[in-house]
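The tour below moves from one selection to the next and says what is found at each stop.

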Amino acid sequence: MHTEASAVHPSAHPSAHPSGAACGSCPIYHAANLKKLGINVDHWDYVVALAGNPNTGKSTVFNRLTGLRQHTGNWPGKTVSRAEGGFEYGGKSYKLVDLPGTYSLLSTSLDEEVARDFLLFGQPDVVVVVVDATRVERNLNLALQVLEITDRVVVCLNLIDEARRHGLQVDERQFSRDLGVPAVPTAARSGTGLPDLLQAISDVASGKLVTKPHRLQNEPPALKQALTRLTQAVEAALPGLPNARWVAMRLLEGDEHIAEALRNGELGDLRRGAHPEQSNLVLQLKSA
Amino acid sequence: MMKTHAPTGPVQPSPSPSASVEGVLALAQGLRQEVGSNFHDQIAEAMYHDAARIADRAVTRAGETPQATLDRTIDRLVTSRVWGFPLMILLFTLVFWLTIAGANVPSGLLAGLLIDTVYPALHAGASAVGLPWWLSGFLLDGVYLATAWVVSVMLPPMAIFFPLFTLLEDFGYLPRVAFNLDHLFKKAGAHGKQSLSMMMGFGCNAAGIIATRVIDSPRERLIAIITNNFALCNGRWPTQILIATLFIGALVPAHLAGVISALAVVGVAALGVLLTFVVSWALSRTILKGEASAFSLELPPYRPPRILQTIYTSIIDRTVFVLWRAVLFAIPAGAVIWLSANIHVGGASVAEHLVNLLHPFGLLVGLNGVILLAYIVAIPANELVIPTILMLIVLVTGASSVGEGAGVMFELDSGTGTMALFHANGWTLLTAINLMLFSLVHNPCSTTIYTTYKETGSLKWTAITALLPVVLGFGLTFAVATVWRLVAGG
């Protein structure tokens with residue numbers, strides 16, 4: 001579908017699309033394009049997941065887009081399970097899933113597993129990684145891990161107003177180039193930047209914008225070699241698996257959870273072309 | 001497992017998938033030997049390296065800003081070794097004092113409306129349409145009055161407390177509290193994140209137990225679950241606030257009564273925190289042995305709270321939610337209380353028999369039969385303790401001139417009326433103090449017990465969570481009563 005293509009689309013920067021910042025600040029424009037659906041999502045065209053470190057404003061973004069009022073609080077670890085809602089934008093309907101805030105996807109705590117399983121088995125059409133613009137470096141750790149799992153990513157540089165108050169300048173173009181996915185500065189509390197975020201989500205979901213995600217480059221040579229060999233083996237065993245490299249990485253680490261998913265065929269079902277409803281079914285059963 | 005493995009659509013046929021999967025796993029096993037055990041560290045290092053490079057290219061930092069300096073100044077103060085704890089106590093006392101002082105008037109107004117006006121009107125209506133006495137008694141005196149009492153006594157304090165608490169949360173203060181408490185948890189052999197689930201427990205223990213999901217070690221998570229009940233949940237404040245106001249506030253001159261009552265409530269909450277540490281420590285050295293694991297806690301920047309929005313959402317999401325739950329439980333409980341007071345066996349009501357049965361043990365631990373029965377009736381919701389106690393006293397002492405009749409829950413117009421009732425039942429300062437202690441240390445409500453079962457999936461740990469505090473509570477009240485009697489020479 002999208003993995004083969006390589007060039008970063010020029011509209012990775014939000015102001016490149018026709019509805020620029022000037023329109024975006026206009027409430028009529030916003031209201032005309034976004035329809036908040038609350039929890040009333042029976043059918044959807046795309047599934048969007050919200051991932052990010054704790055306390056980066058994920059729940060605020062979630063509430064802004066869905067019109068729901070999930071409780072938000074200024075402290076890490078507030079959302080421990082998934083919340084779901086929906087919105088309509090540009091004639092398409094989206095299901096939005098707010099994942100628990102985590103610093104990484106590598107440990108075994110329940111909240112990290114919920115987030116990781118959704119990214120892997122839920123196969124969202126777009127993953128929005130909410131990054132705290134005041135703590136870019138630390139937040140990037142999770143963003144890079146997500147980019148290893150999926151290439152359909154939009155980075156939301158949230159709390160940009162706070163970053164400016166702290167005297168930080170974030171160059172979202174540079175950021176977007178380095179990560180190979182669109183990066184949109186937002187201040188979700190006041191709603192700034194959300195129209196651009198919506199447009200970026202829609203572009204990635206529809207495939208209009210093709211990403212070229214950053215992959216780790218600085219592994220030691222021995223590691224790189226082992227990783228390449230194992231990735232090829234995974235690809236040979238399960239042709240079309242979208243995250244072969246990440247699966248290889250987990251296997252090298254000795255992740256029993258992933259080995260098990262490989263054995264019982266759960267991972268095999270994620271191959272491109274498998275029916276999307278199936279993975280939703282898996283997800284629902286897993287969360288039950 | 002969950003579905004059959006039958007790929008559909010244009011998937012290339014792969015040669016015997018299970019065989020090649022085993023091949024991949026074998027290769028992985030072999031390569032793991034080659035790469036060595038520090039794979040995780042190597043990957044993490046590569047990631048940190050990339051993150052640092054990308055961040056460095058995209059973010060430029062101007063000099064130190066006033067905002068950052070202000071944040072650091074506040075942090076130095078609220079997390080300081082010297083000032084951290086006093087400030088914490090001061091802040092929570094202020095919150096409780098505002099709640100106690102502010103809730104009186106609206107509580108009185110609501111009681112006047114629901115109980116003095118609507119209730120007689122409903123009775124008049126019932127007799128006009130000719131409802132039999134037992135039906136109107138059951139519906140109005142039991143179900144309606146229980147519900148009305150819960151609404152009038154709980155809504156105002158919650159409508160004040162929750163927004164205040166949410167403002168502190170929005171501002172970013174709670175993680176600092178967690179920071180202050182962290183090293184104490186570590187000393188107790190528990191996980192530092194337990195301070196976060198404990199803070200949630202001050203709102204609702206069931207929510208606090210769900211919040212323990214952030215703790216990844218099962219051992220430390222169980223400690224957090226078992227001890228969450230020592231965080232004084234919102235259903236227990238009405239008891240604490242009423243008893244502190246009537247008995248503790250009365251010990252000092254009127255102008256100090258509000259502050260002293262608030263301090264008494266804070267003292268009980270602080271005792272709960274202390275018990276959390278002591279019990280965590282004991283658990284981590286007996287049935288849940290192990291080392292505490294490290295974790296990093298991010299102190300978020302202070303954010304100016306959006307006051308109006310906070311008040312709105314905390315009233316809608318928390319106050320109404322908790323109130324609705326209380327009402328749901330109050331309805332059947334009110335019915336049960338009315339029935340037990342009106343079904344007579346051998347010359348006395350079922351309720352009287354039970355009170356007499358429990359009374360000797362109650363006295364032994366500085367409580368009484370009425371209180372113990374009230375705690376059994378109120379297992380579904382702690383909010384029901386005070387109304388049940390009042391109703392049972394009327395039954396047992398026969399002080400029917402105060403109440404509305406057998407099995408009728410009522411709200412007394414003033415504190416002095418309630419006080420007269422307590423005295424008629426032989427309550428002393430010891431009874432009041434022990435009731436406050438027992439309210440802190442007793443079994444969790446049925447919702448919390450059920451949540452514990454769902455989170456642990458184990459009957460054993462659920463039973464420990466439910467029973468440990470009851471045993472501790474009786475031990476504590478018995479000790480206090482014994483010392484009290486020795487000192488008082490009784």
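Select R219(B) and E220(B) in this predicted model: both residues are buried, and their side chains form a salt bridge in which the closest N and O atoms are 3.7 Å apart.

Next, select R221(B) together with E455(B), whose side chains meet in a salt bridge with an N to O distance of 2.6 Å. Because R221(B) lies in helix α9 (residues 218-227) of chain B and E455(B) in helix α18 (residues 446-456) of chain B, the pair ties together parts that are 234 residues apart in sequence. R221(B) is buried, as is E455(B). For a selection that takes in both chains, pick E260(A), R263(A) and E22(B), which are joined into one network by salt bridges that share partners.

Now turn to chain A and select E84(A) and K95(A), where a salt bridge of 3.5 Å, N to O, brings the two side chains together. E84(A) belongs to strand β3 (residues 83-89) and K95(A) to strand β4 (residues 92-98) of chain A, the two residues being eleven apart. E84(A) counts as partly exposed because its relative accessibility is 30%, whereas K95(A), at 6%, counts as buried. Over all chains, the count of salt bridges comes to twelve.

Finally, select helix α2 (residues 39-58) of chain B, whose 20 residues should span 28 Å at 1.5 Å a residue, which agrees with the 29 Å between its end C-alpha atoms. The buried residues of α2(B) include F39(B), I43(B), M47(B), D50(B), I54(B) and A58(B).

Conventions
Residues numbered from 1 in each chain as written. Chains lettered and ligands numbered in written order. Predicted model: local features only at pLDDT ≥ 70, side-chain atom pairs only at ≥ 80, totals over all residues. Heavy atoms only, no water. Helix = DSSP H or I, 4+ residues; strand = E, 2+ residues; numbered from the N terminus. Expected span 1.5 Å × (residues − 1). Buried < 20%, exposed > 50% of the residue type's maximum accessible area, 1.4 Å probe, protein only. Salt bridge = Lys/Arg side-chain N within 4 Å of Asp/Glu carboxyl O.
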